[in-house]
Amino acid sequence: MTKYIVEGGKPLYGEVEISGAKNAAVAIIPAALMVRGVCRIENVPQISDVTLLLRILEQLGASIRFVNRHTVELDCTHIRCARTNYELCQRIRASYYLIGSLLGRFGEAEVAMPGGCFFGGVRPIDQHVKGFSALGARVTMNGGFIHAKAKNRRLTGASIYFDVVSVGATMNVMMAAATAEGTTVIENAAKEPHIVDLANFLNSMGANIRGAGTDTVKIQGVRQLTGGTYAIIPDQIEAGTYMAAVAAVGGEVLVKNIIPKHMDCITAKLQEMGVEVEEHEDTLLVRRLHPLRKTNVKTLPYPGFPTDMQPQITTALALAQGTSLVTEGVWSSRYRYVDELKRMGASIQVEDKTAIVEGVDHLTGAPVQAYDLRAGAAMVIAALAAQGQSEITGVQYIERGYEEIISKLRALGADIYAVEDAPELSMRAG
Ligand code: EPU
């Protein structure tokens, strides 16, 4: 078991290069399965979720070659099988994208029920099923697998109105519909940057998708997708996490390789808190010179404040002057990390979907656990800001979505390193 040791209280100075977006990569890699020919994907983040998805594709018969650290060539031409590996699929949430892509390619898919981060509430996929069914697939669940099969081997375009705004359902149905017969219209679609990225990827491989990034997406089905080259967008949440770290810890950091427009919802909130953010073409200079001010945050689908930044901003607000309210508007529950912050001296009360955060003037280092990916990012920020030493366990969650977090932070002057815990001491991380 790996754990992170952090000696807190050192402001962050320097530059950090943001990697490709996790939540775009975990959809684009399964979508590559629909392509006949070589598909070259650039700006691929080196994170464990990506490694797992590539292994799943390899087991299905894809040939995979890393051209360099962040560029991968995938050739899925010879994949014949629509049944995925149970053990690998159930370890990752994004394996549900294999349903859309396999349905699009073969008219059939058999995928293990998805795993991934547990926030304390349910993570339903009824809207995915609604979409596939509207396209003419029969979807059943049996023995831990989801089985979907098009009635006539090819799906048929349809109009779909989602009951809730869902990133996963929008992307999954976009993939399945890309090679369906006729036109599909998705209404009440999600608008996150990674939705646009997936549409751009599919279009660059020959699909015909319009309107991604608005709440109506139109997909004119094509017979086949063919190879090409595509570069994944930068990770909005990774960038936001480093920005929140500067807010909590202090210092001045140039956040590089970002799309400033994607950052607006996070930048605006940090500015309300008194953080200075200077925007350049593809960088943001983030500086905290004064004590943080309280503010209120409500997470919402894009372009609202992202739920995947909720634990990180709450951690910064735990050190702001005054009382802030943070309301979770996407998930039914996402506050498991709050007890860990309290162990470090934070004063936070959770009432239903709202956290009442009374700012304290410092946090104190402690042994804490990362319960999920973004909760883990919050623990890192809290430990960097705290006085004294912290030990963070459960870091495998952090490594699902943050490429080289230790070396990126060390380059900013943070005192953080990873150690291997003796097995008998790693019970808490279990
Ligand atoms: N929902 C339904 N039915 C569905 C699907 C979703 O009721 O069929 C509900 C959910 O319960 C939730 C809301 O709709 O309340 C939004 O869920 P969404 O489908 O948008 O989430 P997701 O696709 O499962 C992705 C990201 C999450 C991120 C959310 C929201 C991936 C692999 N995951 O999840 O990312 O929180 O969108 O933006 O892309 C993370 O990166 O840490 C992470 C958890």
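A pocket is an open set of points on a 1 Å grid over the protein atoms alone, with protein on both sides within 12 Å along at least five of seven lines; a cavity is a set of points where a 1.4 Å probe fits but cannot get out, and lining residues have an atom within 4 Å of a point. Grid points are joined across faces, edges and corners, and a volume is the space filled by probe spheres set on the points. The model is predicted: local features need pLDDT of at least 70, side-chain atom pairs count only at pLDDT 80 or more, and totals for chains, interfaces and linings use all residues. Residues are numbered from 1 along each chain as its sequence is written, and side-chain values use heavy atoms, with hydrogens and water left out.

The largest pocket has a volume of about 1100 Å³. Its lining comprises 50 residues, with R123, V167, G168, V330 and W331 nearest the centre. Helices are DSSP runs (H or I, at least four residues), numbered from the N terminus. Those supplying at least two lining residues each include α1 (22–32), α5 (126–134), α6 (167–178) and α12 (373–385).

The ligand takes up the space of the largest pocket, where sitting in a pocket requires more than half of a molecule's atoms to lie within 2 Å of its grid points. Two or more residues of the shell around the ligand come from each of α1, α5, α6 and α12. The ligand has 25 residues around it, of which Q127, S166, V167, D308 and V330 come nearest; a residue counts as near if one of its heavy atoms lies within 4 Å.

Polar contacts are pairs of N or O atoms within 3.5 Å. A polar side-chain atom of Y96 is 2.8 Å from a ligand oxygen atom.

Three cavities of 30 Å³ or more were counted. The largest cavity has a volume of about 40 Å³. Residues lining the largest cavity include T241, Y242, A377 and L409. Helix α12 gives the most to this lining, with four residues.

Note on methods:
Polar contact = N/O pair within 3.5 Å; in protein donor to acceptor, adjacent residues only side chain to side chain.
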